[in-house]
Amino acid sequence: SDCHITAKFDLSPPDHKKFPTKEEKKELNLMVKTAIRDIFQNNLSVMTLCEPIAEVEVEGPQEYSSTIMADFSLRAGSLEYEVSFSDEGNWFTLRGCAPLSKLTDFNSQIRHLSRGSASVIKI
């Protein structure tokens, strides 16, 4: 039988502190130990590690939409992205997902491709 373990960690410190507290470190440590124990106790022979995926939103002039979509696809962006155009037809918004590791220079590349007129709203 298949067994899937899903864990969601919010590693951002609360209240904008620079470092997590001892209590938060203990809690995270306990969650990781419990997950590892469960894997071995259930004799799971297969474990899948997934890379972080980021939601992306880009806005810009419609004339650069195909160039920006091509760059997004080259970065292994999901095929399930959404592109919408303004009522006037001169502005577009792209929303999608891509591996975080592929987005290191995405913002500067989008600015370069659009001659500074498109911008990354969200990564």
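The model is predicted, local features require pLDDT of at least 70, side-chain atom pairs count only at pLDDT 80 or more, and totals for chains, interfaces and linings use all residues. Residues are numbered from 1 along each chain as its sequence is written, and side-chain values use heavy atoms, with hydrogens and water left out.

**Overview. Elements of the chain.** The chain contains three helices and four strands, arranged from the N terminus as α-β-α-β-β-α-β. Helices (H or I, at least four residues) and strands (E, at least two) are DSSP runs, numbered from the N terminus. Of the 123 residues, 22% are buried; buried means under 20% relative accessible area, exposed over 50%, and partly exposed in between (1.4 Å probe, protein chains only). The accessible surface amounts to about 9500 Å², with carbon and sulfur atoms holding 53% of that area; areas come from the Shrake-Rupley method with a 1.4 Å probe, and for residues only the protein chains shown count as cover. Among contacts (heavy atoms within 4.5 Å) between residues at least 6 apart in sequence, 65% join residues at least 24 apart.

**View 1. The largest nonpolar core.** A nonpolar core is a set of buried Ala, Val, Leu, Ile, Met, Phe, Trp, Tyr and Cys residues joined through side-chain atoms within 4.5 Å. The largest one has 15 residues, of which V58, I68, F106 and I110 touch the most other members. Two or more residues each come from β1 (53-61), α2, β3 (91-99) and α3. Leaving aside residues up to four places away in sequence, V58 touches, among others, I68, F92, L94, F106, I110, V120 and I121. In soluble globular proteins, nonpolar side chains tend to be buried together.

**View 2. The salt bridge between E57 and R95.** A search of the whole structure finds one salt bridge, defined as a side-chain nitrogen of Lys or Arg within 4 Å of a carboxyl oxygen of Asp or Glu. The partners are E57 and R95, whose closest N and O atoms are 3.8 Å apart. This pair links distant parts of the chain, joining strand β1 to strand β3 across 38 residues. E57 is buried, at 16% relative accessibility, whereas R95 is partly exposed, at 33%.

**View 3. S65 in helix α2.** S65 belongs to helix α2 (residues 65-74) and counts as buried because its relative accessibility is 6%. Its side chain reaches the backbone oxygen of Q62 at 2.9 Å, a polar contact, meaning a pair of N or O atoms within 3.5 Å; within protein, one must be able to donate a hydrogen and the other to accept it, and residues adjacent in sequence count only if both atoms are side-chain atoms. With residues up to four places away in sequence not counted, S65 touches F85 and F92.

**View 4. R115 in the loop between α3 and β4.** R115 is located between α3 (106-113) and β4 (119-122). Although R115 is not a glycine, it has a positive phi of about 55°. R115 counts as exposed because its relative accessibility is 73%. Its C-alpha atom is 9.3 Å from that of Y64, which lies 51 residues away along the chain.

**View 5. F40 and a nonpolar surface patch.** F40 lies in helix α1 (residues 22-41) and is exposed, with a relative accessible area of 63%. Together with L28, M31, V32 and I36, F40 forms a nonpolar patch of about 440 Å² accessible area. Patches are made of residues with over 30% relative accessible area and no salt bridge, like charges being joined within 9 Å and nonpolar side chains (Val, Leu, Ile, Met, Phe, Trp, Tyr) within 5 Å.
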